[in-house]
Amino acid sequence: MARQSTVGAAAVGTFAETFEAVVENVAQILQGKEDPTRLALVCLAAEGHLLLEDVPGVGKTSLAKALARSFDLEWRRIQFTPDLLPSDVTGASVYDRENGSFVFRPGGVFANVVLGDEINRASPKTQSALLEAMQERQVTVDNVTRRLPSPFLVIATQNPVEHEGTYPLPESQLDRFLLRVRMGYPDRTAEMAMLEQPESRTSVDDLPPVAGPDAIPTMVSLANQVHVATALKAYIVDLATATRNHPALSLGMSPRAALALQRAARALAASVGREYVIPDDIKYLAGPVLEHRLVLSPEGVVAGVDISDVVTEVLRGVPVPPGHTGM
Amino acid sequence: MLTNTSYRPTSTTAEGPDRDRSGRRARARPRLALSATPLPGHVGATLALTALTVTSASGLVRVFDGRSWVVPVLLTAIGVHAICWAARRARLPQPAALALALVAVWALTAWTVLATSTVYGFPGRRTASQLWAALVQAHTAFATAVSPVSSSITGFKLVSVLGIGLIAILADWAAFRWRSALYGAAPPFAYFVAGCSFGQGRGRELVVTAEVVALLAFLLVHRVTVGRADQAWFGNHRAGTAGWAITAGCLTAAASLVTAVAITPAVGTTEGTGVLGWRAGLGGASGPRQVANPVVDLHTRLIFESTTPVFKVRSPVASYWRLTSLNTFTGQDWVSTDTYHGFGSHLPGVQAVPAGTRLVQENFHIEELDSVWLPDAFTPISVTGVRGVSYDPNSNSLITSKATSNGLDFTVESYQYLSTLHPGQLESAPPVTITASLRPYLQLPATVPPDVYALAKSITASQSTEYGKALALQNFFLGPDFSYSLDPPDDGYGISSLTNFLFHTREGYCQQFAGSYAVLARAIGLPTRLAVGFATGTDTDGTYQVTDADAHTWPEVYFGPNFGWLPFEPTQSFSDPISKGYAPPSPEGGKGSSTTSPTTSPTTTPPKTSEHRAVVAPPTTTGNAQVVPSSRRHSTAAWSALLIVLLVGIAWFGLIAGGRRARWWVRRWRARGDAGALVRASWDELSEVLNWWGTCRSQSETDEEFAHRAGRGIALRLPGQSPWLRGEVVRLARLATEAAFAPQIGPQRPGEAAAAARAIHRSLFRSANTRMRLRWVLTPRPGRRSGSGLAKAPQASAGDRPLIPGPWDRTSRFVPGRA
């Protein structure tokens, strides 16, 4: 059997240490939100983009900023509004009277970490400008293609409550987000601790970096080398098949989703210092990776099915591989 | 509206609608596939079923004398099974297959039993008429036949052959078209039970053993070749892959128990007493208790067993030892219908002790009476030294609530006239008023011929008193016209035997003498009944040793409330020490009013030949073929049954516990040299243990999820040691996960895993209670079954406190690769 190149335990250990250092760093700003932080980091290590879906005021912006600060990355925020133009996102060539030529002014996406706030408020045209940049990691304006800085992580937010005046993202574009994470309210103790803190606490801007920007490519390449047993690949395919055949779904997992699941699982395994993926990783990530990609069938909508219940049901219906040894 | 196709989120995926093409939909719910397409072939199972049918038919060896039944029965059994098999193979539709099978039964029966009536092998009208004649013959012979019956009686052979043919069809249908092993095994088993209930003792162990072996073999083969793992076994119960073993074991055990405890004692003609020896119901000594014909029990023992000691009596005077009495003459035999009640020490319903009687105490020690009755000396008034005894005041008999009275020691106090009763007293006794309660003792069937009444009148014509009539009857039988013979030309109690005895042969033993006396006495209006019991026995210094050869029956006549029932002795060469005062054994003695003083010196028993054939038991009224008792001891049968149960238990234990060890060992042996497989083997073993502890693995669960869930289950039961145990279980689960999915694992892992599995197993086994331990050693899958296993595992859902810690949970952080 073809054995893929695997990473050593020591290298993965370094990965996990960096990972935990960043999580602890972010925790100074965001109490009780370790798991969303880790998922965001997994997303970063898997070279994916993150869709944060939650109500305002739960720390979405803080998370994006804190992540950028921890890696000493450049950070930008684009507030999406219905009148936002694609050029506001990508940048535009502006006539420079002094030089007598058009000069490119980079838009909001030219940063390592881009926070696309309330992405569903912008017109589809603007949304697709961002989403194209996310996928291609480059921007083409006036026939000139410009690479976006690396690493490049888009953290887009959506408000799930308000629907008035929004343009919901089409499925094909949602598919481009690796993970969708719900921040959720902090639990009681974390919220009380937050209130206890003096106003003069560490602000996001003062957060010291714990790793350099070059740490991210290293993490990405390490995560890509994490071993995935053949049985687990089959498990992912089984899950995909199950979603495609599920009666409550009209759109199941795309092949890109299967790839995304594997990539995210690798990053997760590396994040706990494990050099191989286990079924638990896949099951844990199935919700964040799949929920925003699956589309309920009309029957499912009528029956009031929650998409997370469907994912849980799919996980219960697919046997976990017993694994085979001696690979 | 879409409501008719609406998707319900509560339904599980595995049970979802047909859109799911993932293949697991094939696990359909169990059903008894009555309309399923018959599978062709199943040679192995068909052979096993044929073997079972043949074995069941071999039970006939105990019914028939001779071997001429063997070929027809076996040919039919095998032939019908072969035809059914061929019909299945050819995929014949059910009606056609059934018709073919029935024709085969008819043809085989005709060829094997009524061959001469066929025309070139074709059964025709003559065959049908012969068949009918044979069936009528069987029906008539059935009432009086005693097994082993001659196999030359065509009727019986015919019924056996037809029966086995139909049984074979039914069994084949149930086993292969309905696909139920149980239903398939039932018809041959029923045939076997029927054979057993008519058969007699010889070859019993062999036949039963063969039947059990054939039954189990068939169930096994059927399960392996025909049955499916998820198929209904019995009702809606769902059997797992190894569940059939438990089910089969339980059902066989239940069937054996029912057969041994309920059926055997209930079938009146069998000689067995059942494992527990219950006669009827479970009632103790206090409640009313119905018993079967009382002398059946004696009947089975008496013939041929002349010297077996039955009981010992220590008594100051000699007496007949009475078991019970029979009050109803049916025309065929004498029966009794008694109802027994518990009592204290004094017997209820006993009248005041009459004047002129003496109270006598007898100590009884029962050796091998093998019956529920307790002997006593007539008339008992109290019983001490034994518990659980019931009494019927009508027949003055005592029974124990135990299986038999063997081994009991007790003291009976009874009043006896000894020799104090003078003929004069009896002659002056007032005539008996016939009350409703006495009427049964005068009953005679309408079929008693007038000759008998005439004879009775002529014998007693010169007598005016009841006593005189009773004595005249006794003297009539003691006269020179009658002779005592152990082998009379016409044996039995029936009316034809009676008239034969009275008018022609005049030859018989106590059965004929006493029975005829009672009929004649009733014919002239004397309330009479038949007492059953034993003659005095051999006297050694006041201790009487009674053997089977002393079994005896004699009439008792009622002389009003002053005297009660008084025994008479019409049988030649017998002498009742009690009755000889008022009814001396010699005709001359009765004439004089002998007033011998009461004697305390016991009278010795009349001389008897050792081969005295004192059959006192009348034929029963069940109408079955009558059974000649075997010489085997019931206790032997009970012991061998116990031994078989014990052996089966030990074998089962060895099969389960040893089988599990062997399975584990084989798995490890196969995994030798493969570290990952060895770790997985340890985990699989532990999974079985955890399953035993109530957590069954679901297929959609990862190792660690299962470990956490099992750990929580253990924590609920063993709060004390749970943290260590839970930790170890989760650690082993992670080792197993590592072994399954890591590219390579350290060489020390198998050792670690095996040690952990051993420690957990040991700890859990020590903490288990006895019931759980028994389940572990006695059942192949001691845990609960998870069904399809895909939809039942509880999962941590969003919002709840997660049952399974997430991957970054610090409290459970453990990375096998770096531990």
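# A guided tour of chains A and B

Begin by selecting A:Pro151, which is found in the loop of chain A between β7 (144–147) and β8 (153–158). The model in the viewer is a predicted one, and in it the peptide bond that joins A:Ser150 to A:Pro151 is cis, with omega at about -5 degrees. Most peptide bonds are trans, and most residues other than glycine have a negative phi.

Stay in chain A and select A:Arg137, in the loop between α5 (124–136) and β6 (138–141). Its phi is near 55 degrees, a positive value in a residue other than glycine, and A:Arg137 is buried, with a relative accessible area of 18%. Then move to A:Asp72, in the loop between α3 (60–70) and β2 (75–79) of chain A, where phi is again positive, near 60 degrees. A:Asp72, however, counts as partly exposed, because its relative accessibility is 43%.

The next selection in this chain is the pair A:Arg274 and A:Tyr276, in which the charged end of the arginine sits over the tyrosine ring, 5.8 Å from the ring centre. Now show the whole of chain A, which has 13 helices and eleven strands and in which buried residues make up 56% of the 327 residues. Its accessible surface comes to about 13600 Å², with 51% of that belonging to carbon and sulfur atoms.

Switch to chain B, which has 819 residues, 52% of them counted as buried, and which contains 21 helices and 24 strands. Of the contacts in chain B with a separation of 6 or more, 76% are accounted for by residues 24 or more positions apart. The accessible surface of chain B comes to about 35500 Å², and 61% of it belongs to carbon and sulfur atoms.

Within chain B, select B:Phe378 and B:Thr379, which are linked by a cis peptide bond with omega near 0 degrees. B:Thr379 is found in the loop between β12 (376–377) and β13 (380–384).

Next, display helix α11 (residues 450–459) and helix α14 (residues 510–523) of chain B, whose axes come within 8 Å and cross at roughly 80 degrees. The two helices, α11(B) and α14(B), are therefore roughly perpendicular to each other. To see the contact itself, show the side chains of B:Val452, B:Tyr453, B:Leu455, B:Ala456 and B:Ile459 on α11(B), together with B:Val519, B:Leu520 and B:Ala523 on α14(B).

Aromatic residues come next, and the structure holds 31 aromatic pairs over all chains. One of them is formed by B:Phe477 and B:Phe501, which are stacked, at 6.3 Å centre to centre and with 15 degrees between the planes. B:Phe477 lies in helix α12 (residues 466–478) and B:Phe501 in helix α13 (residues 495–505) of chain B, so the pair ties together parts that are 24 residues apart in sequence. Both of these phenylalanines, B:Phe477 and B:Phe501, are buried. Then select B:Arg529 and B:Trp565, where the charged end of B:Arg529 sits over the ring of B:Trp565, 4.1 Å from its centre.

The last stop is B:Ala756, in helix α20 (residues 749–767) of chain B, and this alanine is buried, with a relative accessible area of 2%. Which residues is B:Ala756 in contact with, leaving aside its neighbours within four places in sequence? They are B:Glu728, B:Arg731 and B:Leu732.

Notes:
Residues are numbered from 1 along each chain as its sequence is written. Chains are lettered from A and ligands numbered from 1 in the order in which they are written. This is a predicted model: local features need pLDDT of at least 70, side-chain atom pairs count only at pLDDT 80 or more; totals for chains, interfaces and linings use all residues. Side-chain values use heavy atoms; hydrogens and water are left out. Rings of Phe, Tyr and Trp (its six-membered ring) pair if their centres lie within 6.5 Å; planes under 30 degrees apart count as stacked, over 60 as edge-to-face and the rest as tilted. Helices (H or I, at least four residues) and strands (E, at least two) are DSSP runs, numbered from the N terminus. Buried means under 20% relative accessible area, exposed over 50%, partly exposed in between (1.4 Å probe, protein chains only). A charge sits over a ring if NZ of Lys or CZ of Arg is within 6 Å of the ring centre and within 35 degrees of the ring normal. Contact means heavy atoms within 4.5 Å. Accessible areas come from the Shrake-Rupley method with a 1.4 Å probe; for residues, only the protein chains shown count as cover. Axes are lines fitted to C-alpha atoms, for helices over the stretch in contact, and angles run from 0 to 180 degrees between N-to-C directions. Angles under 35 degrees count as roughly parallel, over 145 as roughly antiparallel, 65 to 115 as roughly perpendicular and the rest as oblique.
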